[in-house]
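Here are some exercises to work through with the model open in your viewer. Try each task before you read its solution.

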Amino acid sequence: MLSSRGNTNAQLHKIPWRYALPHTYDKETNPSGMISFGLAEHVRFNVASVAYGSGNDATARLQKAVAAHLDDILKPIAPIDPETVIVASGATAIGSMLGFTLAEPGDGILASRPVYGRFELDYGVEAGVQMVYADTNTEEAFTPSVVEKYKTALEDAQGKGIQIRALLLVNPHNPVGRCYPKQTLTEILRFCNKHQLHIISDEIYASSVFDSGDPTAIPFTSVLSLSVPGLINPDLVHLLYGFSKDFASGGLHLGFLISQNKPLLQSCKAILRLHNASSAAITIGTAILEDRVFVHNFTTKSQKSLASTYRIATSTLNQEGIKDIKGGNAGFFIYIDLSPYLTPASGAATPPPEFALTQKLVNAGVFLHPCEEHGKKGGWFRLVFAQEEDVLREGLRRMIGVLRSLGR
């Protein structure tokens with residue numbers, strides 16, 4: 001017999017398309033393999049190294065390197081104290097730790113629509129915390145008026161007996177690929193301070209900002225560059241960062257929490273033994289971050305590559321008349337509207353029409369994750385364009401072939 005939490009989690013694997021299909025395509029060795037537009041990663045990173053614990057000195061050295069790196073890219077109002085950095089086995093692990101630390105089972109964390117769908121798992125699988133979505137469309141989620149939508153969602157949740165503990169922000173945004181304007185961030189911080197909500201700012205794409213060629217694109221601003229005590233209690237501000245995106249190394253499993261909240265840090269340290277980064281990851285991460293010339297060169301190359309593939313993808317979509325959200329200049333994805341290609345559901349028990357379209361795409365060897373971003377309207381998909389150019393072009397060719405066969 002399992003616990004109630006165990007039984008609930010066991011059902012997650014039965015939900016169709018809950019987990020992304022793996023990328024198996026290789027031009028030479030597996031040309032008919034699956035091209036996955038559902039995984040936000042550059043490359044695969046494998047480390048065959050084991051050890052039992054990294055030691056305090058190794059962790060402290062990495063904390064110092066992380067603080068220096070984030071000072072460089074986030075431009076905080078005050079230098080980050082290495083003692084405020086928690087090192088864990090990825091941002092996903094930190095999300096679970098924050099769920100345990102900030103909320104009780106059944107409590108809620110507020111987010112706007114659309115948003116990365118796996119937060120439901122990050123905060124829910126172990127901690128039993130639920131995501132509560134403000135009723136926003138894509139455009140208004142980036143405007144200062146979004147706080148009114150947050151307020152309505154907060155009041156609705158309270159009316160249902162759900163205690164909202166925090167607001168989760170993804171900046172640069174996943175799946176829209178935009179950065180939040182300073183004015184919107186300021187209003188969100190004020191909102192959180194007024195209602196005494198923790199703000200969790202996931203800034204894992206902070207260096208993955210590129211020149212998209214769109215003059216209206218908003219530059220990146222970190223909450224740590226705005227969160228002065230007069231605007232929000234610093235104990236309510238928590239930032240997530242990691243290696244999986246900016247350094248194209250999800251397999252390294254290395255993430256960081258930055259917070260000035262001392263009780264929170266102590267609580268996280270108490271459960272950190274369940275989420276510790278490996279000594280190999282700590283050693284590699286430290287070596288990377290301490291080599292500032294390498295970091296600068298790598299980031300520059302990455303940003304140029306992202307800009308190139310972004311323009312290839314958006315120009316192809318535009319040629320085909322496929323709508324996407326404009327103003328993107330960050331992250332690995334484009335938010336696209338495939339609603340014209342959906343077949344309406346025939347009944348309440350019928351799977352979402354996005355599932356049927358996804359199956360047609362899978363049959364053609366390309367994958368887009370359906371119903372993952374909790375958008376207000378159906379038919380929107382996150383397309384990950386951060387691929388090798390030949391892979392991107394082949395994947396788009398397969399996708400467009402399916403869409404053309406369906407007509408409009």
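**Exercise 1: the chain as a whole**

What does the accessible surface of the protein chain come to, and what percentage of it belongs to carbon and sulfur atoms?

Solution. Some ground rules come before the numbers. This is a predicted model, where local features need pLDDT of at least 70 and side-chain atom pairs count only at pLDDT 80 or more, while totals for chains, interfaces and linings use all residues. Residues are numbered from 1 along each chain as its sequence is written, and side-chain values use heavy atoms, with hydrogens and water left out.

Step 1: the surface comes to about 18,300 Å² (Shrake-Rupley method, 1.4 Å probe; for residues, only the protein chains shown count as cover). Carbon and sulfur atoms own 52% of that surface.

Step 2: Of the 408 residues, 53% count as buried.

Step 3: The chain has 11 helices and 12 strands (DSSP runs numbered from the N terminus: helices are H or I with at least four residues, strands E with at least two).

**Exercise 2: aromatic pairs**

Find how many aromatic pairs the whole structure holds, then take two of them apart.

Solution. Step 1: the search turns up 14 aromatic pairs. Rings of Phe, Tyr and Trp (its six-membered ring) pair if their centres lie within 6.5 Å; planes under 30 degrees apart are stacked, over 60 edge-to-face, and the rest tilted.

Step 1: go to Y205 and F332, which sit 5.2 Å centre to centre with 85° between the planes, an edge-to-face pair. Y205 is in the loop between β6 (198–202) and β7 (237–242), F332 in the loop between β9 (323–324) and β10 (333–337), and they are 127 residues apart. Both Y205 and F332 are buried.

Step 2: now Y310 and F385. Their ring centres are 5.4 Å apart and the planes meet at 70°, so this pair is edge-to-face. Y310 belongs to helix α9 (residues 292–320) and F385 to the loop between β12 (380–384) and α11 (389–406), so the pair ties together parts 75 residues apart in sequence. Y310 and F385 are both buried.

**Exercise 3: a closer look at T186**

Which residues does T186 touch, leaving out those up to four places away in sequence?

Solution. Step 1: locate T186 in helix α6 (residues 182–194).

Step 1: its relative accessibility is 18%, so T186 counts as buried.

Step 2: T186 touches L226 and L231 (contact means heavy atoms within 4.5 Å).

Methods: Buried means under 20% relative accessible area, exposed over 50%, partly exposed in between (1.4 Å probe, protein chains only).
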